[in-house]
Amino acid sequence: LVFLSGAVWAQDPQAEYKTKLQDLNRNVSAAHDKLGDYLGGQKMHQWARDEFKKAVALDPDNESARKALGYKKTDQGWENDPDAKQEFANKKVGAEADKVRIEYEKRLVKLGKDYAGKFVDLAQWCAKAGMAAESTENYKRAVEYDPENEKARKALGYEKQKGAGGWMSPFEKELRKEMKEGLAKAPKGSPSGERTE
């Protein structure tokens, strides 16, 4: 029976994808929650709340993030807890705030690179399973988390520009091609010396 259910499971890539995506979203949610805890510990409550909101958007049942945002679980689901102690404003300013911001940004970049790689892996799995739309969606999520992720950018049709030009999207490539062709076809001539009103 176990072997049979495994065989059925392997034949349903949509169900397997749903499970893989749900697991990945939970992991990313937990990472945002952990970042929110760090910021709350630094008394940067507004930034912490932003991270807790990201965590809940990815995993609506992230208990830690929900509680940090002032919710309590009931039989009907999550509800606002009027007794929850809430902090909304960042408490540090100036050099102290800058120090926390720099560390926050470093942690965000690390989180982005880690999870962009996982979204690329999922996108590649989707492509092998014949799920092109899901593959594209996960490549896009990889770029959201790490705009410099080369695998995701190339899979989405971006082209790396020489020097400090960054990435050019397929739309931008087509637009540049049309402009170049248009300029080549534009009529040539000498400038007019006639004065206009």
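Predicted model: local features only at pLDDT ≥ 70, side-chain atom pairs only at ≥ 80, totals over all residues.
Colleague: Why is Tyr-104 called buried?

Modeller: Buried means under 20% relative accessible area, exposed over 50%, and partly exposed in between (1.4 Å probe, protein chains only). Tyr-104 has 10% relative accessibility, so Tyr-104 counts as buried. Leaving aside its neighbours within four places in sequence, Tyr-104 is in contact (heavy atoms within 4.5 Å) with residues including Leu-39, Trp-47 and Lys-54.

Colleague: What makes Lys-54 and Glu-51 a salt bridge?

Modeller: The term asks for a side-chain nitrogen of Lys or Arg within 4 Å of a carboxyl oxygen of Asp or Glu. The closest N and O atoms of Lys-54 and Glu-51 are 3.0 Å apart, so the pair qualifies.

Colleague: Are these two partners buried or exposed, or in between?

Modeller: Glu-51 has 0% relative accessibility and therefore counts as buried. Lys-54, at 35%, is partly exposed.

Colleague: How do you know that Lys-173 and Glu-159 meet in a salt bridge?

Modeller: Their N to O distance is 3.8 Å, and the limit is 4 Å, so the pair counts. This pair links distant parts of the chain, with Lys-173 in helix α8 and Glu-159 in strand β3 (residues 159-160). Helices (H or I, at least four residues) and strands (E, at least two) are DSSP runs, numbered from the N terminus.

Colleague: Why is α2 called roughly parallel to α6?

Modeller: Axes are lines fitted to C-alpha atoms, for helices over the stretch in contact, and angles run from 0 to 180 degrees between N-to-C directions. Angles under 35 degrees count as roughly parallel, over 145 as roughly antiparallel, 65 to 115 as roughly perpendicular and the rest as oblique. Helices α2 (residues 13-41) and α6 (residues 132-145) pack at about 10°, with their axes 13 Å apart. That makes α2 roughly parallel to α6.

Methods. Residues numbered from 1 in each chain as written. Heavy atoms only, no water.
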